[in-house]
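Visitor: Before we discuss the terms applied to this model, may I see the sequence and the structure together?

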Amino acid sequence: MKKVICVDDLCCQRCADQMAVKLALIDGVLKAKADYKKGKIFIEVKESVQDESLAAVFDGTGMKVLSIEIRKGIFG
């Protein structure tokens, strides 16, 4: 399942990439790629991964998760 995490206060690409790496370390996260200009991190996860465990990665970082949504492709 593909999801997008919208994050407030991604200050630079380096910080965004570090968060993507931390997300990728969660069991069940298959891929993570960040785009700090858009304030989004795109991830691919197994169905068993809970949004709460994804949001917990940002605790104590000064960044705020605005939303975690299922990413829809161009066909649906």
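**Terms and their grounds**

Guide: Let us begin with Ser67, which touches Val4, Ile5 and Cys6, leaving aside residues up to four places away in sequence. The model is a predicted one.

Visitor: In which strand is Ser67 placed?

Guide: Ser67 belongs to strand β4, which covers residues 64–70.

Visitor: Why is Ser67 called buried?

Guide: The relative accessible area of Ser67 is 18%. Buried means under 20%, so Ser67 qualifies as buried.

Visitor: What makes the pairing of the Ser67 and Glu69 side chains a polar contact?

Guide: The distance is 3.4 Å, and the cut-off for such a contact is within 3.5 Å. The side chains of Ser67 and Glu69 therefore make a polar contact.

Visitor: Why is Asp9 described as partly exposed?

Guide: Its relative accessibility is 48%. Partly exposed residues fall between the buried limit of 20% and the exposed limit of 50%, so Asp9 is placed in that class. Asp9 sits in the loop between β1 (2–8) and α1 (13–24).

Visitor: How is Thr61 classed, and on what value?

Guide: Thr61 has 30% relative accessibility and therefore counts as partly exposed. Thr61 is found in the loop between α2 (51–56) and β4. A polar atom of the Thr61 side chain lies 2.6 Å from the backbone oxygen of Phe58.

Visitor: How far is Thr61 from Lys3 in sequence and in space?

Guide: The two are 58 residues apart in sequence and 21 Å apart in space, C-alpha to C-alpha.

Visitor: What is the order of the strands in the sheet?

Guide: The four strands form an open sheet in the order β2-β3-β1-β4, with antiparallel pairing.

Visitor: Why are β2 and β4 said to stand at the edges?

Guide: Each has a single partner strand, so one side of β2 (29–35) and one side of β4 are left without a neighbour in the sheet. On average, neighbouring strands of this sheet are turned by 20 degrees against each other, direction ignored.

Visitor: How do you know that β2 and β3 pair?

Guide: Pairing requires at least two bridges. β2 and β3 (residues 40–45) are joined in the antiparallel sense over six bridges, so the two strands pair. Ala34 has Ile41 of β3 as its bridge partner. Across β1, β2 and β3 lies α1, which runs at about 170 degrees to β2.

Visitor: Which residues have the most contacts inside the largest nonpolar core?

Guide: They are Ile5, Leu23, Ile41, Leu54 and Phe58, in a core of 20 residues. Two or more residues come from each of β1, α1, β2 and β3. The largest share, five residues, is given by α1. In soluble globular proteins, nonpolar side chains tend to be buried together. Leu54, neighbours within four places aside, is in contact with residues including Ile5, Leu23 and Ile68.

Visitor: What makes the radius of gyration agree with that of a compact globule?

Guide: For 76 residues a compact globule would have a value near 11 Å. The protein has 11 Å, and therefore the two agree.

Definitions and conventions. Residues are numbered from 1 along each chain as its sequence is written. This is a predicted model: local features need pLDDT of at least 70, side-chain atom pairs count only at pLDDT 80 or more; totals for chains, interfaces and linings use all residues. Side-chain values use heavy atoms; hydrogens and water are left out. Buried means under 20% relative accessible area, exposed over 50%, partly exposed in between (1.4 Å probe, protein chains only). A polar contact is a pair of N or O atoms within 3.5 Å; within protein, one must be able to donate a hydrogen and the other to accept it, and residues adjacent in sequence count only if both atoms are side-chain atoms. Contact means heavy atoms within 4.5 Å. Axes are lines fitted to C-alpha atoms, for helices over the stretch in contact, and angles run from 0 to 180 degrees between N-to-C directions. A nonpolar core is a set of buried Ala, Val, Leu, Ile, Met, Phe, Trp, Tyr and Cys residues joined through side-chain atoms within 4.5 Å. The radius of gyration is taken over C-alpha atoms; the globule rule is 2.2 Å times the number of residues to the power 0.38.
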